[in-house]
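Thanks for asking me to look this one over. Here are my notes, in numbered points, to read with the model open beside you.

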Amino acid sequence: MCESIAVGSLAGRDAMVVYLSPLEADIDAAWNARSGGHYQVLAVHDFLPDELLRQHRDSLPYCLHIGWGARDGRLAVRRDGGLVRVSAAALAWVSADVEAVRLVVEPFQLESRSRLWEGAGLYAHAEVEAKALACTEPERRRHAQRAIVRLPGTVAAPPGINQLALYDLESAHWHFVPLSLAQQILSQQEDRAGD
């Protein structure tokens, strides 16, 4: 997926969306395919960012998917029909001397992700994500369809998002973390990384 970055120093730039979990990518693809389009989940090394590189020349903006925006136990849907993604925006610098673009996921980002899942009461998320990684592509698509069916409802965005939604493969349920807790976890981990 590519989308425009909404806030921060990279606001207004088009960026590719990067998912740490292929299941989360499949959920987004399944949601967007409901309107008749076809979306295919690609491994990052199979994505050709040529158009983005033409737009940005020496850098490749990307958004690391964290979860989905929600309000009061319902997932937020944008005017264009897409789910609201909560992501961390970053830039990958591109060198003419190198064929590949290096995307960096910092240890603090992985730790933040772990703490977010724990904040939702999902302490065995690492084992569940390992199961998701072991799924075949058709199995992941079936799980993604089930996640869509299990949505506890949707709400138009804006107005304000007050939660971060996470989907747990094992329980086949959506879980919600207060947005304030998610922001606190993310900022604490980023501060620690800067020390």
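Which backbone nitrogen does the side chain of Gln163 reach at 3.1 Å? The backbone nitrogen is that of Asp72, and point 2 takes up that spot.

1. Some ground rules before we start. This is a predicted model, in which local features need pLDDT of at least 70 and side-chain atom pairs count only at pLDDT 80 or more, while totals for chains, interfaces and linings use all residues. Residues are numbered from 1 along each chain as its sequence is written, and side-chain values use heavy atoms, with hydrogens and water left out.

2. Let's begin with Gln163. This residue sits in strand S7 (residues 163–168); helices (H or I, at least four residues) and strands (E, at least two) are DSSP runs, numbered from the N terminus. Its relative accessible area is 17%, so Gln163 is buried. Buried means under 20% relative accessible area, exposed over 50%, and partly exposed in between (1.4 Å probe, protein chains only). Not counting residues up to four places away in sequence, Gln163 touches a set of residues including Trp68, Arg71, Arg74, Phe176 and Leu179, where contact means heavy atoms within 4.5 Å.

3. Asp72 itself deserves a look. Asp72 lies in the loop between strand S3 (59–71) and strand S4 (74–77). Its relative accessibility is 57%, so Asp72 counts as exposed. The phi angle of Asp72 is near 50 degrees, a positive value in a residue other than glycine.

4. Ala172 also has a positive phi, near 55 degrees, in a residue other than glycine. You will find Ala172 in the loop between S7 and strand S8 (173–178). With 4% relative accessibility, Ala172 counts as buried.

5. Next, helix H1 (residues 22–33). H1 has 12 residues and reaches 16 Å from its first C-alpha to its last, close to the 16 Å expected at 1.5 Å a residue; the expected span is 1.5 Å times one less than the number of residues. Is H1 largely enclosed, or open? Of its 12 residues, 11 are buried, so H1 is largely enclosed by the rest of the structure. The buried residues include Leu23, Ile27 and Trp31, and also Glu24, Asp26 and Asn32.

6. Ser21 is in the loop between strand S2 (14–18) and H1, and at 6% relative accessibility it counts as buried. A side-chain oxygen of Ser21 comes to within 3.2 Å of the backbone nitrogen of Leu23.

7. How do H1 and helix H5 (residues 137–149) pack? Two packed helices are described by the angle between their axes and the distance between the axes. The axes of H1 and H5 come within 8 Å and cross at roughly 60 degrees. Axes are lines fitted to C-alpha atoms, for helices over the stretch in contact, with angles running from 0 to 180 degrees between N-to-C directions. The two helices are therefore oblique to each other; angles under 35 degrees count as roughly parallel, over 145 as roughly antiparallel, 65 to 115 as roughly perpendicular and the rest as oblique. Among the residues that meet are Pro22, Ile27 and Trp31 in H1, and Arg140, His143 and Ile148 in H5.

8. Lys131 belongs to helix H4 (residues 125–134) and is partly exposed, with a relative accessible area of 47%. Leaving aside neighbours within four places in sequence, Lys131 is in contact with Leu169 and Glu170. The side chains of Lys131 and Glu170 are joined by a polar contact of 2.5 Å.

9. Finally, Leu64 in strand S3. This leucine counts as buried, at 5% relative accessibility. Leaving aside neighbours within four places in sequence, its contacts include Val18, Leu20, Val86 and Val105. The C-alpha atoms of Leu64 and Gln40 are 24 residues apart along the chain and separated by 18 Å.

Note on methods
A polar contact is a pair of N or O atoms within 3.5 Å; within protein, one must be able to donate a hydrogen and the other to accept it, and residues adjacent in sequence count only if both atoms are side-chain atoms.
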